[in-house]
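Here's a quick briefing to read with the model open beside you. Have a look at the chain, then go through the notes by topic.

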Amino acid sequence: MEHNIPLMACILDQITREPDSHDQSKWCNCIAGWAIRFTGGYAFKREPGSLRDAIYVVNLSTGETEAVDDVAARLLGLWEEEADGLFASTNTDAAAWLEDIIVTHQTKVLDQLARRVDEAVAA
C-alpha cells in the first residue's frame, strides 16, 4: 500500500498552522478525522446510546457506514499496524510521524531525481 503523501501533507499543514484544531482523542479532530474531511464525500455520524457515543463515517455516495479508522487508513494508504499506532498516538507523536513519512518520501524522490541527473550527465 502506498502512502497518500499529498493528503498527509495537507493534514500536517492544518495541524501545524492551527494546533488547536488537532486532538487525537476525538475522531473528528484527529489525523483520521482530518483525512476524511479533506477528502470529502463523507459525513460523520454519531451513534447515540453507545458508551461513548460512537462516531462512524457515512459514504455520501453509497450510504455505506464504516468505522472512522478504517476509512482514514484507506484514504491515507496505511497498513493496519501503521493505522493502529498512528490513531492511538498523542498529538505530538502523530504530527511527528506524519512529518517523518513525508520527509522520507521527499528524500526518496530527490534521490531518484539525483540518480537520473547523474545518469544523464554520464551519458
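Which residue does Arg17 meet in a salt bridge? The partner is Glu18, with the two side chains 3.6 Å apart, N to O; a salt bridge here is a side-chain nitrogen of Lys or Arg within 4 Å of a carboxyl oxygen of Asp or Glu. Before going on, note that this is a predicted model, where local features need pLDDT of at least 70, side-chain atom pairs count only at pLDDT 80 or more, and totals for chains, interfaces and linings use all residues. Residues are numbered from 1 along each chain as its sequence is written, and side-chain values use heavy atoms, with hydrogens and water left out.

**Overall build**

- The protein chain has 5 helices and 3 strands, in the order α-α-β-β-β-α-α-α from the N terminus; helices (H or I, at least four residues) and strands (E, at least two) are DSSP runs, numbered from the N terminus.
- The radius of gyration of the protein chain is 17 Å, whereas a compact globule of 123 residues would come out near 14 Å; the value is taken over C-alpha atoms, and the globule rule is 2.2 Å times the number of residues to the power 0.38.
- Along the principal axes, the C-alpha atoms fill a box of roughly 70 × 30 × 25 Å.
- Buried residues make up 33% of the 123, where buried means under 20% relative accessible area, exposed over 50%, and partly exposed in between (1.4 Å probe, protein chains only).
- Take the contacts (heavy atoms within 4.5 Å) between residues at least 6 apart in sequence: 49% of them join residues at least 24 apart.

**Helix α5**

- Ala94, Ala95, Leu98, Ile101 and Ile102 are buried in α5, and the cover over its buried residues includes α1 (5–17), α2 (31–39) and α4 (80–87).
- An α-helix has 3.6 residues a turn, so residues three or four places apart point the same way.
- Leu110 also belongs to α5 (residues 91–122), but Leu110 counts as exposed because its relative accessibility is 55%.
- Val109, Leu110 and Leu113 make up a nonpolar surface patch with about 250 Å² of accessible area together; patches are made of residues with over 30% relative accessible area and no salt bridge, joining like charges within 9 Å and nonpolar side chains (Val, Leu, Ile, Met, Phe, Trp, Tyr) within 5 Å.

**Salt bridges**

- The whole structure holds 4 salt bridges.
- Glu66 and Arg74 pair up at 2.9 Å, N to O; Glu66 is buried at 16% relative accessibility, while Arg74 is partly exposed at 45%.
- Elsewhere, shared partners link Asp13, Arg17 and Glu18 into one salt-bridge network, and Glu18 is partly exposed at 40%.
- Asp23 and Lys26 form a salt bridge at 3.8 Å, N to O, with Asp23 partly exposed at 23% and Lys26 partly exposed at 46%.

**His22**

- His22 sits in the loop between α1 and α2, yet His22 counts as buried because its relative accessibility is 7%.
- Beyond neighbours within four places in sequence, His22 is in contact with Ile15, Asn29, Cys30, Ile31, Asn91 and Ala94.

How values were computed: Accessible areas come from the Shrake-Rupley method with a 1.4 Å probe; for residues, only the protein chains shown count as cover.
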